[in-house]
Amino acid sequence: MQPKKSDRQRSFLCPDLIDQLDPRHHLLGLAKAIPWQVFEDSFRPLYAASGRPAKPVRLMVGLLILKQLENLSDERVVEIWVQNPYFQAFCGQQRFTWKLPCDPSELTYFRRRIGEDGVRKIFEVSVTLHCDKAKEEEVVVDSTVQEKNITFPTDTKLLTKIVTRCRIMAKLEDVKLRRSYQREVKKLLRTIRFKSKGRKQGEAQRAIRRLRTIAGVLIRDMRRKLSPEALEIHRQSLDLYDRVQRQQRSDTGKIYSLHEPDVSCISKGKAHKKYEFGAKASVTVTKTNGIIVGALSFSDNPFDGHTLPAVLTQVESIVGKRPTMAICDRGYRGKRKIGTTRIEIPESGKGPKTEHEKRQARARFRRRAAIEPIIGHLKNDHRMLRNYLKGRIGDSVNLFMACAAFNFRKFIWILYFLCLKLLGHVFRPNARPLQACA
């Protein structure tokens with residue numbers, strides 16, 4: 001059911017929550033600048049007309065923003081919301097309350113309800129707050145890896161999980177296996193751990209092969225003994241186990257995790273981390289002001305140059321105008337023009353260019369390096385270092401929310417603290433709210 005509108009009247013005995021707080025606090029300034037009615041209008045069709053009343057849209061959107069803004073988990077942001085009156089005022093609360101605003105799992109259900117389009121709406125609002133500063137002619141584009149919350153994949157780990165899950169499946173469906181291999185698997189794991197180096201590497205390799213054989217035996221045993229109804233329920237899982245059991249080291253399109261089968265293995269040439277397991281993410285930043293105007297997640301590991309058409313189309317749909325120049329690194333080499341946008345990458349410096357053009361190019365590519373610390377802030381400050389949201393949609397949701405949190409943080413520091421404080425502006429409870437640009 002659609003959320004009920006708050007019609008609580010002001011109390012003459014005690015002041016409202018907003019009247020008791022510091023009007024200069026950055027969260028109150030940000031709350032006044034965000035057009036909350038946009039979210040109300042966009043998400044209203046997603047609710048049924050009857051049933052149990054849902055939580056207010058401003059409360060749920062505010063919790064999602066605070067989660068990414070303060071780098072908190074779902075459980076932690078709900079706990080701090082009870083303790084922090086500024087969190088409650090940011091989410092539209094009129095009275096200080098002592099109970100949890102919602103169960104932490106309701107944030108998961110809300111993300112599923114609004115989907116990728118709803119989270120993109122939050123990101124678009126974060127770009128809109130910066131008005132014309134987000135509409136620059138030149139943008140900087142770079143890609144990174146958003147790692148998933150999985151362990152480093154090895155054949156031993158994957159095969160052991162298959163054996164364990166087959167046992168659990170057999171116990172759940174009351175199937176008697178021909179043999180559980182419990183003691184043998186324990187012995188094989190001990191051999192693999194302590195004899196994987198040195199002169200006894202052959203024993204560890206034979207143990208891995210034996211573990212692969214055991215996993216295949218259990219998968220076939222489950223296919224034979226499951227009832228037709230149970231086989232239909234577990235068919236997708238068994239097909240996944242069979243694919244992992246058969247894959248070899250040189251195969252393409254490998255599975256690296258059983259609970260996240262869409263994870264890709266990506267190498268970005270880092271000395272300290274040769275391989276990263278997750279999804280490739282493209283980030284687009286304005287050249288001068290450093291505002292994130294584009295964020296796009298890719299399911300596979302495409303070549304960076306092939307992602308530019310989709311990236312530039314997204315920037316045009318969010319900002320309203322297509323950039324005339326995209327500044328990239330050498331990983332985007334290939335096409336020098338996509339539509340009306342010119343692609344600039346670093347060159348050797350040789351060629352028929354004047355000294356003025358060379359100085360311009362050097363300044364442009366020095367400025368391109370500013371996107372690297374922005375990606376570092378996204379990862380370390382706004383929960384992009386490790387993605388805990390499930391599936392490919394979780395990749396897009398986490399990326400959009402991290403970029404939105406960065407834009408909100410930039411709005412707080414630049415527009416509020418620097419500009420408004422220098423002008424002597426003070427946020428008062430009855431002051432006119434800041435108007436976000438359309």
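The legends below describe close-up views of a predicted model.

**View 1. The hairpin of strand 3 and strand 4.** Strand 3 (residues 276-286) and strand 4 run antiparallel and are joined by six bridges. Five residues lie between the two strands, and G290 in this turn has a positive phi of about 70°. K280 stands opposite F298 in strand 4. Strand 4 (residues 292-298) is mostly covered, with seven of its seven residues buried.

**View 2. Buried and exposed residues of helix 11.** Helix 11 (residues 235-246) has twelve residues, which at 1.5 Å a residue should span 16 Å; the end C-alpha atoms are 16 Å apart, in agreement. Its buried residues are L238, L240, Y241, V244 and Q245. These residues cover an arc of only 160° around the axis and therefore sit on the same side of helix 11. Q236 and R246, on the other side of helix 11, are exposed. The cover over the buried residues includes helix 7 (155-172), helix 9 (201-225) and helix 10 (228-233).

**View 3. N71 in the loop between helix 3 and helix 4.** Most residues other than glycine have a negative phi. N71 is not a glycine, yet its phi is positive, at about 60°. The loop that holds N71 runs between helix 3 (57-69) and helix 4 (74-83). N71 counts as partly exposed because its relative accessibility is 31%, between the limits of 20% and 50%.

**View 4. D174 in the loop between helix 7 and helix 8.** D174, a residue other than glycine, has a positive phi near 60°. The loop with D174 lies between helix 7 and helix 8 (182-194). With a relative accessible area of 74%, D174 is exposed, the cut-off being over 50%.

Note on methods
Residues are numbered from 1 along each chain as its sequence is written. This is a predicted model: local features need pLDDT of at least 70, side-chain atom pairs count only at pLDDT 80 or more; totals for chains, interfaces and linings use all residues. Side-chain values use heavy atoms; hydrogens and water are left out. Buried means under 20% relative accessible area, exposed over 50%, partly exposed in between (1.4 Å probe, protein chains only). Helices (H or I, at least four residues) and strands (E, at least two) are DSSP runs, numbered from the N terminus. Two strands pair if DSSP finds at least two bridges between them. The expected span of a helix is 1.5 Å times one less than its number of residues. The arc is that of the directions from the helix axis to the C-beta atoms. Contact means heavy atoms within 4.5 Å.
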